[in-house]
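Visitor: I am new to this one. Could you show it to me and take a few questions?

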Amino acid sequence: MASVRFTPPTKAGLWKLYPTEYRAWDNMKSRCYRRSKSTKLWFRYGGRGIRVCKRWRTNFYNFLCDMGPKPSLQHSLDRIDGDYHYCPDNCRWATAKEQARNTSQNRMITFNGLTLCMTEWAERTGIARKNIDARLSLGWSVRRTLTTTTAKYPKNRLPAGQSVKYLKRMARQQ
C-alpha cells in the first residue's frame, strides 16, 4: 500500500495512462471470479475463497488511488497474507524476490524471536541454504544449525554431494 495517497488525474481513460496497473487489477479479478480454462490459477484464489474487496471489485480508480502506480516494471501485485483477500491493507507492489519469500511453500525458521524463510537465514548467516536444510533434516537444533560454521570450507560452503556425509560426521564429533 502506498504511504502517500495517490490521486490520478481523471477517471476517464485511466487504463490508457496506467496500462500495467490496469492489467494487474484485471488479472486480480480474473483469479478470483473467472473460472475458465484460461484462468488456470483460479483454484488457488477464487477456489479457496479469496475475493476482491468491494471498493476495488468494480472500480479501477479506487484501486489506483489506494495502491498508487507501480514503482517499476519489476513490481507486481502481491498479497501480504496469502490466505486473506485483495484489499488495501493486504496488498502491495512487490518484486519477484519479495514474492518468492512470501509463499506458503517456504520453510519458515524462528530463531531468537525472528522468523524468516530458509533462504533469508542463509543470506544472513552465510551458510548455504542446502546445508541449513540438511542440518535440520539430520535433527540439528535451529540454534546449532544457524550458529555452527565450518572452518574447513570457506564461506561455510560444502562441496557438492558431500554436505550430508560431512554433516553426519560433524554431528558425531560434537
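Predicted model: local features only at pLDDT ≥ 70, side-chain atom pairs only at ≥ 80, totals over all residues.

Visitor: How much space lies in the largest pocket?
Guide: The lining is made of 24 residues. The space in this pocket comes to about 790 Å³.

Visitor: Which lining residues lie nearest the centre of the largest pocket?
Guide: Strand 1 covers residues 76-79, and D78 and R79 are on the list. Helix 5 covers residues 96-100, and Q99 is named too.

Visitor: What is the order of helices and strands from the N terminus on?
Guide: The protein chain has nine helices and four strands. The order from the N terminus on is α-α-α-α-β-β-α-β-β-α-α-α-α.

Visitor: How much of the protein chain counts as buried?
Guide: Buried means under 20% relative accessible area. The protein chain has 174 residues. The buried part is 39%.

Visitor: Which elements give two or more residues to the largest nonpolar core?
Guide: This core has 20 residues. M28, W56, F60, F63, M67, L77 and Y86 touch the most other members. The elements that give two or more are helix 2 (19-33), helix 4 (60-67) and strand 2 (91-94).

Visitor: Which residues is F60 in contact with, leaving aside its neighbours within four places in sequence?
Guide: F60 is among the core residues that touch the most other members. Contact here means heavy atoms within 4.5 Å. Its partners are L14, W15, Y18, E21, Y22 and W25.

Visitor: How many residues are in the second, separate core?
Guide: Its members include F111, L116, W121 and I132. I132 is also one of the buried residues in helix 7. The second core has ten residues.

Visitor: Which residue just after helix 7 takes a positive phi?
Guide: Helix 7 spans residues 129-137. The phi in question is about 95 degrees. The residue is G139.

Note on methods: Residues numbered from 1 in each chain as written. Heavy atoms only, no water. Buried < 20%, exposed > 50% of the residue type's maximum accessible area, 1.4 Å probe, protein only. Core = buried A, V, L, I, M, F, W, Y, C linked by side-chain atoms within 4.5 Å. 1 Å grid on protein atoms, 1.4 Å probe; cavity = no way out; pocket = protein on both sides within 12 Å on 5 of 7 lines; lining within 4 Å. Points joined across faces, edges and corners; volume = space filled by probe spheres on them.
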